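Here is a short note for a colleague who is new to this structure. Please read the points with the model open beside you.

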Amino acid sequence: MSAPDGSTPTRTTAVRTGPSLTVAAWPDLAPRLLGDAPNGYRPLASADDLLAEVDRSGLLGRGGAAFPLAVKLRTVRDNGRAAGGAVVVANGEEGEPASVKDRWLLRNRPHLVLDGLRLASAIVGADRACVYVSDPESARSVEDAVCDDLGVAVSVRLVDPGYVAGEETAAVRALNGGPAKPTDKPPRPFQEGVGGLPTLVSNVETLANLPYLQEHGAAAFRAQGTPLSPGTFLMTITGAGRPPGLYEIPHGLPFTELLALHGISPDHVKGVLMGGYFAGLLNRDVLDATLDHETLRRLGSGLGAGAITVLTDDCAVAVAASVLAYFDRENAGQCGSCFNGTAAMAAVAGALRDGVATSEDVTRLRRWSVMLRGRGACATLDAACNMAASLLGQFPHAVDRHLENACETCHAGIFRADRPYAVELA
């Protein structure tokens, strides 16, 4: 189908935001993160005992990498003792456009985040902490909530938003007076970070779990979730022509039950965009999945920052092209492999979307998705590789239809978006 001027029409997916954001905990689940925390700032009898409880809980990072928090805490504590000090950074720079959980917590539960920051600082022996954000409203919320009896000096640092700005070395670089762009590793922040001291950089949702652990303990924390993915987590769901939702759900929840909670029929699902943009695409096999790290890894994907976009009416090729174009614009411009690699992959995906790519282009895209992995200073290039590889592996039929310029969905209107399925808060 063509527009009156003979061009292919453009169809953008509008995501309603602000007051239309649905925020809810899983039915019959007592919310640990979305609910009020009236018993916060409890006296801490023993930092070592709390660290042991965190270890027993199996709490994994909620920022994307799912690294065990206890390991990070112990490493920074030990390095800080040797270096004569440590720093803790609550990372709320929510670089994934399709995620909203961190901004929501910082705006609506700042004391929960600050309590977690207080406890983490006590565990590692830090006398300096910072809340690192790119959302002005979040910064104001935290500044209003900071009090004098946290036991640690807390500052708030506001930076310009960007996909790479939330990477841990980018946060350290910004806090040390530089641009919010990643640096080569080593050293990693736990070795040498803010002010040259060992630094714990931890996602705000991760830290927000510490008050619950202090009050209720590891056994209660593990009462929800799976053995390898314990506890609850915050999930942002977008797409399917519906307003976005933010849900606190237990790890291990069947994906179809999340769809039901959000009012989406599985019959209409073509696939999903996983982990924000980072983990790439999954086809309808996701309908048999449970939402935990072990299951999604077996599918070659991941939870990432806890964000899922459901594709119903949009073409996976066009969505991938928009995401790859975003990575091309958002890379830090510091690594040649990433600067050139994201541009090359975005160009092929765009040509494929527009029905002008060749099979040789697709072969090159497949090769780049493998050979470029791991070559950048941060995860942007890996994210682009994930997107390209998952498109080719999960949606081969859609790729073939585009090679023939025969995609009926795109002929009816091509999906284009600078920040696909981005969630904005009013």
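1. Burial. This is a predicted model. The protein has 426 residues, and 57% of them count as buried.

2. Overall size. The C-alpha trace spans about 70 × 50 × 35 Å along its principal axes. A compact globule with 426 residues would have a radius of gyration near 22 Å, and the protein agrees because its own value is 22 Å.

3. Make-up and contacts. The secondary structure comes to 16 helices and 14 strands. Take the contacts in the protein with a separation of 6 or more: residues 24 or more positions apart account for 73% of them.

4. The six-stranded sheet. In what order do the strands of the open sheet lie? The order is β2-β8-β7-β13-β10-β11, and the pairing is mixed. The edges are β2 (22–25) and β11 (280–282), each of which pairs on one side only. Neighbouring strands of this sheet are turned against each other by 25 degrees on average, direction ignored.

5. β11 pairs with strand β10, residues 271–274. The sense is antiparallel, over three bridges.

6. Helix α3 covers residues 101–108. This helix lies across β2, β7 (232–239) and β8 (245–250). Relative to β7, α3 runs at about 120 degrees.

7. A helix pair. Two packed helices are described by the angle between their axes and the distance between the axes. Helix α2 (residues 69–83) and helix α4 (residues 110–124) pack at an angle of about 50 degrees, with axes 8 Å apart. Why are α2 and α4 called oblique? Roughly parallel needs an angle under 35 degrees and roughly perpendicular starts at 65, so the pair is oblique. From α2, the contact uses Leu73, Val76 and Arg77. From α4, Ala120, Ile123 and Val124 take part. The residues of this contact divide into five nonpolar, one charged and no polar.

8. Thr169. Is Thr169 buried or exposed? Thr169 sits in helix α6, residues 168–175. Its relative accessibility is 4%. Buried means under 20%, so Thr169 counts as buried. What does Thr169 touch, leaving aside its neighbours within four places in sequence? Its contacts are Lys181, Pro182, Thr183, Lys185 and Pro189.

How values were computed
Residues numbered from 1 in each chain as written. Predicted model: local features only at pLDDT ≥ 70, side-chain atom pairs only at ≥ 80, totals over all residues. Heavy atoms only, no water. Pairing = 2+ DSSP bridges. Helix = DSSP H or I, 4+ residues; strand = E, 2+ residues; numbered from the N terminus. Axes fitted to C-alpha atoms, helices over the stretch in contact; angles between N-to-C directions. Contact = heavy atoms within 4.5 Å. Buried < 20%, exposed > 50% of the residue type's maximum accessible area, 1.4 Å probe, protein only. Parallel < 35°, antiparallel > 145°, perpendicular 65-115°, else oblique. Nonpolar A, V, L, I, M, F, W, Y, C, P; charged D, E, K, R; others polar. Rg over C-alpha atoms; globule rule 2.2 N^0.38 Å.
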